[in-house]
Amino acid sequence: MPFGLTNAPAVFMDLMNRVCKPYLDKFVIVFIDDILIYSKNKQEHEEHLSLILELLKKKELYAKFSKCEFWISKVQFLRHVIDSKGIHVDPAKIESIKDWASPKSPTEIRQFLGLVGYYRKFIEGFSKIAKPMTKLTQKNVKFDWGEKAKAAFQLIKQKLCSAPILALPKGLENFIVYCDALHKGLGAVLM
């Protein structure tokens, strides 16, 4: 399917979700044209791989063999590293945060908070943690990089470098997605 067509990626994603529905989030994750099959051991993986390849063949969907990788123990998928220990943040993506030097001015604090603000939804209580740093960015407040600000800075860095950013929902109940479309964007909440 040429992805240059209007809605082609969304339609293809919907097709792949319908085709793989019985196995989604059990041992398969699909994102547009990427299919990730994960298993606890080699025997289980062989069964899962056979099931998905047979399913694709039955639905007349074919993979380009040169773009496939099989039997790998660690994979980078959607900017995360997935291995036998679970899902982790890609170390290459967090190097700039790990190496970020302590801010020396309110402007440098704003730069740091601007960068990490994108990931704030993954850190529980982000605003409370960042409060000592945020106070230092206010006008008429003397810049004093004290212990509270230093501790907040290190805690935010630590949480961003180790947070479980991608997690599968648990439970057997149905999930509801609430959407809100605007002229400038789309928002959704999984309940």
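Here are some questions and answers about the chain shown above.

Tutor: Before we start, this is a predicted model, where local features need pLDDT of at least 70, side-chain atom pairs count only at pLDDT 80 or more, and totals for chains, interfaces and linings use all residues. Residues are numbered from 1 along each chain as its sequence is written, and side-chain values use heavy atoms, with hydrogens and water left out.

Student: What percentage of the residues of the chain count as buried?
Tutor: Buried means under 20% relative accessible area, exposed over 50%, and partly exposed in between (1.4 Å probe, protein chains only). The chain has 191 residues, and the buried share is 26%.

Student: Is Trp71 buried, exposed or partly exposed?
Tutor: Trp71 sits in the loop between helix 2 (42-58) and strand 3 (75-77). Its phi is positive, near 60 degrees, in a residue other than glycine. Most residues other than glycine have a negative phi. With a relative accessible area of 45%, Trp71 is partly exposed.

Student: And is Asn140 buried or exposed?
Tutor: Asn140 belongs to the loop between helix 5 (126-135) and helix 6 (147-162). Asn140, which is not a glycine, also has a positive phi near 60 degrees. Because its relative accessibility is 86%, Asn140 counts as exposed.

Technical notes. Helix = DSSP H or I, 4+ residues; strand = E, 2+ residues; numbered from the N terminus.
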